[in-house]
Amino acid sequence: MDLYFSPLAGSLAARIALYEAGAEARFIEVDPNTKRTPDGSNYAAINPLGLVPLLRLDDGSLLSENAAVLQYIANRFPESNLAPTDELGRARLQQWLSFIGTELHQRLFCVLRDEAAPEGTRTHTLMKSEPRLTYLNDHLSDREFLLDHFTVADAYLYAVLNWSVATRVSFSRCPAIKEYHRRLRIRPSVARAFQEELFLYRAKPAAHCAA
Ligand SMILES: N[C@@H](CCC(=O)N[C@@H](CS)C(=O)NCC(=O)O)C(=O)O
């Protein structure tokens, strides 16, 4: 399996999931500016959207979208227990993957990372995100993970919360989110994935705009 990724992008979640599963995978870096891979291939020809993550499966087919990629990894390595198997548990996992993907990844962090956004966008976006962050903070205030054990949704939430530094989103009013992020950071799969991608990120700072 190949994972197309950019250092410290949302694709970090898939790397964490693969490490959790102890899976064999090849990691192919995509330069977010040039859309080239290290061998000079044009990533836009592989994924016309130009977005990461993207998985190339063993049969050569491609799978995109964080929620799908993460659930595929969880399904492919069931012994790693990265997703609930019961019907309601699966729906709850989907609920959190959707929340993270839409309410946090796209609606909050992608907007704040957009340097071309019109004036006033930041204030408006932060104001709109407040109830969402409060909701997440309340949910995390009495639990270690989003569900009752570590799942791919935690890997995704961790990757997204990392962008709070570059986007200057403060969690001072969200102590449970802060504590959750701190706890996950020291989980071995997470620490390993983060350190490896931080190294790549720092190697080419001009290519990245966040994290
Ligand atoms: N809907 C996609 C969004 C993925 C996405 O926004 N990826 C960002 C990195 S976090 C990206 O590849 N950005 C590059 C670009 O916009 O050109 C998903 O959930 O996988």
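Predicted model: local features only at pLDDT ≥ 70, side-chain atom pairs only at ≥ 80, totals over all residues.

User: Noted. How many bridges join S1 to S2, and do they run parallel or antiparallel?
Analyst: S1 and S2 are joined by 4 bridges. The two strands run parallel. Another facing pair is leucine 3 and phenylalanine 27, the latter in S2.

User: What order do the strands of the sheet come in?
Analyst: The order is S2-S1-S3-S4. These 4 strands make an open sheet with mixed pairing. Strand S2 (26-29) and strand S4 (62-64) are at the edges. Each has a single partner strand, so one side of each has no neighbour in the sheet. From one strand to the next, the twist averages 25°.

User: Which helix packs on the sheet?
Analyst: H1 does, touching S1 and S2. The direction of H1 makes about 150° with that of S1.

User: Back to S1. Which of its residues are buried on each side?
Analyst: Asp2 and Tyr4 are buried on one side. Leu3 and Phe5 are buried on the other. Both faces of S1 are covered.

User: Now H3. Which residues are buried there?
Analyst: Asn66, Val69, Leu70, Gln71, Ile73 and Ala74. They pack against H1, strand S3 (54-56), S4, H4 and H6.

User: Take leucine 146. What is it in contact with, beyond its neighbours within four places in sequence?
Analyst: Leucine 146 is in contact with Trp96, Ile100, Leu136, His139, Leu140, Ala153, Asp154, Leu157 and Tyr180.

User: Tyrosine 180 is on that list. Where is it found, and is it buried or exposed?
Analyst: Tyrosine 180 is in helix H8. It is buried, with a relative accessible area of 0%. Not counting residues up to four places away in sequence, tyrosine 180 touches Leu140, Glu144, Phe145, Leu146, Asp154, Leu157 and Leu161. Arginine 168 is 12 residues from tyrosine 180 in sequence, and their C-alpha atoms are 18 Å apart in space.

User: How do H5 and H8 cross?
Analyst: Their axes come within 7 Å and cross at roughly 65°. The crossing is left-handed. On the H5 side, Leu133, Leu136, Asn137 and Leu140 make the contact. On the H8 side, Pro175, Ala176, Ile177 and Tyr180 do.

User: New topic: threonine 167. Where does it lie, and is it buried or exposed?
Analyst: Threonine 167 lies in helix H7 (residues 164-167). It is buried, at 3% relative accessibility, because the cut-off for buried is under 20%. Leaving out residues up to four places away in sequence, threonine 167 touches Phe109, Leu112, Arg113 and Arg122.

User: And cysteine 110?
Analyst: Cysteine 110 is in helix H4. It is partly exposed, with a relative accessible area of 28%. Valine 160 is 50 residues away in sequence, yet the C-alpha to C-alpha distance between valine 160 and cysteine 110 is 9.8 Å.

User: Last one. Where does aspartate 39 lie, and which side chains does it make polar contacts with?
Analyst: Aspartate 39 lies in the loop between S2 and helix H2 (43-46). Its side chain makes a polar contact of 2.7 Å with that of threonine 37. Another, of 2.6 Å, joins aspartate 39 to the side chain of serine 41.

User: Is aspartate 39 buried or exposed?
Analyst: Exposed, with a relative accessible area of 63%. From aspartate 39 to isoleucine 28, where we began, is 11 residues in sequence and 9.5 Å in space, C-alpha to C-alpha.

Technical notes: Residues numbered from 1 in each chain as written. Heavy atoms only, no water. Contact = heavy atoms within 4.5 Å. Pairing = 2+ DSSP bridges. Axes fitted to C-alpha atoms, helices over the stretch in contact; angles between N-to-C directions. Buried < 20%, exposed > 50% of the residue type's maximum accessible area, 1.4 Å probe, protein only. Polar contact = N/O pair within 3.5 Å; in protein donor to acceptor, adjacent residues only side chain to side chain. Left-handed = near helix turned anticlockwise from the far one by under 90°.
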